[in-house]
Amino acid sequence: MKNYVGTKFIEAREMNRGDYNDYRGWKIPENENPADEGYLVKYSDGHENWLPKKHFEETFKMCDGMTFGIAVELLKKGFKVAREGWNGKEMFLYHVPAASYAPCTEIGRECATDDGKVPYGAYIAMKTAQGNVVPWLASQTDVLAEDWVIVE
């Protein structure tokens with residue numbers, strides 16, 4: 001077998017097994033305990049299921065107080081993130097995907113490819129407290145922080 005790690009953005013609420021079966025319109029099997037604690041989980045594609053509390057809490061973490069690694073994965077999925085500890089409350093990061101743009105001239109010579117466009121690699125951008133956008137690099141403090149949050 002191979003090893004896997006996943007990152008998903010979900011919505012969830014506490015719900016015991018019996019309430020989940022009622023929610024789905026199912027009769028609970030006799031060998032299941034309706035009082036089992038767990039969560040109703042809704043995925044971004046609309047799929048819903050129930051997870052036992054222990055499994056849910058080992059798999060998912062609330063979106064406040066995330067690690068940098070989780071924040072980067074969410075950036076790649078199109079979310080905006082920020083640190084709660086940042087002074088500028090209007091600041092956030094977002095992912096700019098790789099793309100090609102109109103040609104430029106570099107000291108009198110073209111720097112475009114054969115298609116006439118300049119290829120740019122993906123990067124993380126920051127909207128600053130002043131309202132402008134700049135490329136962003138993480139500090140050691142940012143990388144080790146666990147106060148990353150999703151920005152609506």
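Lysine 76 and glutamate 73 form a salt bridge through their side chains, at 3.7 Å from N to O. By salt bridge I mean a side-chain nitrogen of Lys or Arg within 4 Å of a carboxyl oxygen of Asp or Glu. Before going further, this is a predicted model, where local features need pLDDT of at least 70 and side-chain atom pairs count only at pLDDT 80 or more, while totals for chains, interfaces and linings use all residues. Residues are numbered from 1 along each chain as its sequence is written, and side-chain values use heavy atoms, with hydrogens and water left out.

Back to the pair. Lysine 76 and glutamate 73 are 3 residues apart in helix 3, residues 68–76, which puts about one helical turn between them. Helices here are DSSP runs of H or I with at least four residues, strands are runs of E with at least two, and both are numbered from the N terminus. Lysine 76 is exposed, with 53% relative accessibility, and glutamate 73 is partly exposed at 30%. The cut-offs are under 20% relative accessible area for buried, over 50% for exposed, and partly exposed in between, using a 1.4 Å probe and protein chains only.

How many salt bridges does a search of the whole structure find? The search finds 7. I will take two others.

One is between aspartate 147 and arginine 83, with the closest N and O atoms 2.6 Å apart. This pair links distant parts of the chain, 64 residues apart: aspartate 147 is in the loop between helix 4 (140–144) and strand 13 (148–151), and arginine 83 is in strand 5 (residues 80–83). Both ends are buried by the cut-off, aspartate 147 at 16% relative accessibility and arginine 83 at 14%.

The other joins aspartate 36 to arginine 17, with 3.0 Å between the closest N and O atoms. Aspartate 36 is partly exposed, at 25% relative accessible area, whereas arginine 17 is buried, at 17%. The pair also belongs to a network of salt bridges that links Arg17, Glu32 and Asp36.

Three strands make an open sheet in the order 1-2-3, with antiparallel pairing; two strands pair if DSSP finds at least two bridges between them. Strand 1 (10–14) and strand 3 (48–52) are at the edges with a single partner strand each, so one side of each has no neighbour in the sheet. On average, neighbouring strands of this sheet are turned by 25 degrees against each other, direction ignored. Axes are lines fitted to C-alpha atoms, for helices over the stretch in contact, and angles run from 0 to 180 degrees between N-to-C directions.

Strand 1 and strand 2 (residues 38–43) run antiparallel and are joined by 5 bridges. Across that pairing, alanine 12 stands opposite valine 41 in strand 2. Helix 1 (residues 17–24) packs on the sheet and touches strand 1, strand 2 and strand 3, its direction making about 165 degrees with that of strand 3. Contact means heavy atoms within 4.5 Å.

In strand 3 there is asparagine 49. Which residues is asparagine 49 in contact with, leaving aside its neighbours within four places in sequence? They are Tyr20, Tyr39, Leu40, Val41 and Tyr43.

Aspartate 142 is in helix 4 and is buried, with a relative accessible area of 7%. Not counting residues up to four places away in sequence, aspartate 142 touches Phe68, Arg83, Trp86, Trp136 and Trp148. From aspartate 142 to lysine 2 is 140 residues in sequence and 31 Å in space, C-alpha to C-alpha.

Last, the overall picture. The protein has 4 helices and 13 strands. Its radius of gyration is 22 Å, well over the 15 Å that the globule rule gives for 152 residues, so the protein is more spread out than a compact globule. That radius is taken over C-alpha atoms, and the rule is 2.2 Å times the number of residues to the power 0.38. Along the principal axes, the C-alpha atoms fill a box of roughly 80 × 40 × 30 Å. Buried residues are 29% of the 152.
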